[in-house]
Amino acid sequence: MLPTIERQGDTVVMVDQRKLPGQEIYVRCRTAQEVAKAIRTMVIRGAPAIGVAAAMGIALGMGRSTAKGTRQFAVDFQKICDLMAGTRPTAVNLFWAIDRMKRVFADAAQAGASTAEIAARLDREAQAIHDEDVASCRAMGGHGAEMVPDGARVLTHCNAGALATAGYGSALGVVRAAVEQGKSIAVFADETRPFLQGARLTAWELVRDGINTTVITESMAGPLMRAGEIDLVVVGADRIAANGDTANKIGTYTVAVLAHEHRIPFYVAAPLSTIDLATPEGDRIPIEERDQREVSHLGSSRLTPEGAKIRNPAFDITPHRYITGIITERGIFRPPYVESLREAFAGVSARA
Ligand code: MRU
């Protein structure tokens, strides 16, 4: 399986997603600050992978803490959690993972554990978050593959694959599971301006797995749907509000409206850690505005004239009415989402 992120001794190692597919380079982070920088600068990206990275970064940072007593240790911990929380605002998995780490810290401190014991527990929790994410992706794949007929031509946007998770992928996990069931699947990958996650990362992952892949620019999705060349859309999510409204990579909303117009099923595949019951609707989800340079430049080449204004919101909101179903590790949830998503958490603690 593709190694997105791994703990190796006193380092966290991740494949540099800015360099793919041209170069497969691994970045070795030695401090929590280096992990935070890797998240901010998109060395690692994708909502579940960001959550795993933050958890591993916190564990790494606390393992290196020089605090003499638990009081100073708690101060260091809070600083590192704040650092991670400031990296990217939209993917709720980041805050979900930080909350999990905070609960482990509080429980251990409450039980009178030593700083070394607390650090060991944080390490174990970060690894558990990683391993559970892979298991969730596989379960999502199993549920979602039932929705993918043999011979399906599947459109996806951005990269919701192994690289965006701890492994296997959410939307691409659905594709992988369908292929593993022996189905013949063709994937159309939107290139996904401006960071090109579709053209670079989704295509790289799928070609590596021998899955039939065609890269298209976003503007080609509508005409292909109209020509009857797309059967199904599956995308990932950065945050799903309690009513099912979904934040995902900018351009997802346009794809959803097009799918609705052409009566093509539009599925969102995401683990429960992406569902934020504490946010009632999509308009309340913070949307990250990234550096203008991602739009104005391609590498070091300027594309736009000096003086032209640039906007770069990294995500958009797809209203729940365009979403056929939300595929999770606990099954596929359908409208009305206010009820079904609440039921999805039966017996599980939610961010509510
Ligand atoms: O800016 P990115 O690359 O982190 O955005 C990623 C996406 O929008 C993904 O579709 C989403 O995080 C789901 S990943 C399983």
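Visitor: Which residue in β14 does Asn248 stand opposite?

Guide: Asn248 faces Asp316 there. This is a predicted model, where local features need pLDDT of at least 70 and side-chain atom pairs 80 or more, while totals for chains, interfaces and linings use all residues. Residues are numbered from 1 along each chain, and side-chain values use heavy atoms, without hydrogens or water.

Visitor: Thanks! How many bridges join β9 and β14?

Guide: There are 4, and the two strands run antiparallel. Pairing takes at least two DSSP bridges; strands are DSSP E runs of at least two residues, helices H or I runs of at least four, numbered from the N terminus.

Visitor: And what's the strand order in that sheet?

Guide: The order is β11-β8-β9-β14, an open sheet of 4 strands with mixed pairing. Its edges are β11 (275–276) and β14 (315–318), each of which pairs on one side only.

Visitor: How do β8 and β9 pair, parallel or antiparallel?

Guide: Antiparallel, over 2 bridges, with β8 spanning residues 239–241 and β9 residues 246–249. Arg239 has Ala247 in β9 as its bridge partner. The two strands make a hairpin with 4 residues between them. In the turn, Gly244 has a positive phi of about 95 degrees.

Visitor: Switching to helices: at what angle do α5 and α6 pack?

Guide: About 65 degrees, with the axes of α5 (residues 115–145) and α6 (residues 171–180) 7 Å apart. The axes are fitted to C-alpha atoms over the stretch in contact, and angles run from 0 to 180 degrees between N-to-C directions. The helices are therefore roughly perpendicular to each other (65 to 115 degrees; under 35 is roughly parallel, over 145 roughly antiparallel, the rest oblique).

Visitor: Which residues meet there?

Guide: From α5 come Arg138, Met140, Gly141, Gly142, Gly144 and Ala145. On the α6 side they meet Gly173, Val174, Ala177, Ala178 and Glu180, contact being heavy atoms within 4.5 Å.

Visitor: How many salt bridges does the structure hold?

Guide: The structure has 16, each a Lys or Arg side-chain nitrogen within 4 Å of an Asp or Glu carboxyl oxygen. One of them links the side chains of Arg121 and Glu117, at 3.0 Å from N to O.

Visitor: Where do Arg121 and Glu117 lie, and how many residues apart?

Guide: Both are in helix α5, 4 residues apart, which is about one turn of the helix.
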